Amino acid sequence: MTQQNDPNWQDDSDTVAEQVPPRLQKPRMYQVVLLNDDYTPMEFVVELIEQFFYKSRENATQIMLKIHTEGKGVCGVYTEDIAETKAALVTQYAQDNQHPLFCQAEPANDDED
Ligand code: TYC
């Protein structure tokens, strides 16, 4: 049947597709945290933060000192998969170098420091 003799044919050439708002949510973010210990050398921690978290020497030193004095410190915030992978890689790297340094990923809490 052609459009000329189809009784149900409608010209929709000027119809605008309805805009449906995308139902997307921001991914939950995870912070990668280093924990203090009494044995891992400060220099090792600073270099590790520079290498794994792409921080400047100055920023890495500040983060290391915060961990040393407060017990733990955030090195970076990522989506869950990346944060978990980074934490595992950092802990493994420390173990490979015979240091007890521990790194973990935890949900980032907006109202927490
Ligand atoms: N407390 C360690 C020292 O005095 C240094 C240190 C800093 C260790 C940060 C771990 O995540 C850490 N040598």
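Mentor: Before we start, a polar contact here is a pair of N or O atoms within 3.5 Å, and the model we are reading is a predicted one.
Trainee: Okay, so how far is the backbone N or O atom of Asp37 from a nitrogen atom of the ligand?
Mentor: That backbone atom of Asp37 lies 2.7 Å from a ligand nitrogen, which means that the pair falls within the 3.5 Å cut-off for a polar contact.
Trainee: Which residues surround the ligand?
Mentor: Around the ligand are Leu35, Asn36, Asp37, Thr40, Met42, Val45, Met64, Ile67, His68 and Leu101.
Trainee: Switching to helices, how do α1 and α2 cross?
Mentor: The axes of α1, residues 42-53, and α2, residues 57-70, come within 9 Å and cross at roughly 125°, and the two helices are therefore oblique to each other. The crossing of α1 past α2 is right-handed.
Trainee: Which residues make that contact?
Mentor: From α1 the contact takes Met42, Glu43, Val45, Val46, Glu47, Ile49 and Glu50, and from α2 it takes Arg57, Ala60, Thr61, Ile63, Met64, Ile67 and His68. Sorted by class, there are eight nonpolar, two polar and four charged residues in this contact. Met42 and Val45 of α1 and Met64, Ile67 and His68 of α2 belong to this contact, and these residues are also among those that surround the ligand.
Trainee: What about α1 and α3?
Mentor: With α3, residues 80-96, the axis of α1 comes within 12 Å at a crossing of roughly 145°, and this crossing is right-handed as well. Here Phe44, Leu48, Gln51, Phe52 and Phe53 in α1 meet Lys86, Leu89, Val90, Tyr93 and Ala94 in α3, a contact with eight nonpolar, one polar and one charged residues.
Trainee: Last one, where is Arg28 found, and what is it in contact with?
Mentor: Arg28 sits in the segment before β1 and, leaving aside neighbours within four places in sequence, is in contact with Thr79, Glu80, Pro107 and Ala108. Arg28 and Glu80 are 52 residues apart in sequence, with their C-alpha atoms 7.2 Å apart in space, while a polar side-chain atom of Arg28 lies 3.0 Å from the backbone oxygen of Ala108.

How values were computed:
Residues are numbered from 1 along each chain as its sequence is written. This is a predicted model: local features need pLDDT of at least 70, side-chain atom pairs count only at pLDDT 80 or more; totals for chains, interfaces and linings use all residues. Side-chain values use heavy atoms; hydrogens and water are left out. Axes are lines fitted to C-alpha atoms, for helices over the stretch in contact, and angles run from 0 to 180 degrees between N-to-C directions. Helices (H or I, at least four residues) and strands (E, at least two) are DSSP runs, numbered from the N terminus. Angles under 35 degrees count as roughly parallel, over 145 as roughly antiparallel, 65 to 115 as roughly perpendicular and the rest as oblique. A crossing is left-handed if the near helix is turned anticlockwise from the far one by less than a right angle, and right-handed if clockwise. Contact means heavy atoms within 4.5 Å. Ala, Val, Leu, Ile, Met, Phe, Trp, Tyr, Cys and Pro count as nonpolar, Asp, Glu, Lys and Arg as charged, and the others, Gly among them, as polar. A residue is near a molecule or strand if one of its heavy atoms lies within 4 Å of it. A polar contact is a pair of N or O atoms within 3.5 Å; within protein, one must be able to donate a hydrogen and the other to accept it, and residues adjacent in sequence count only if both atoms are side-chain atoms.
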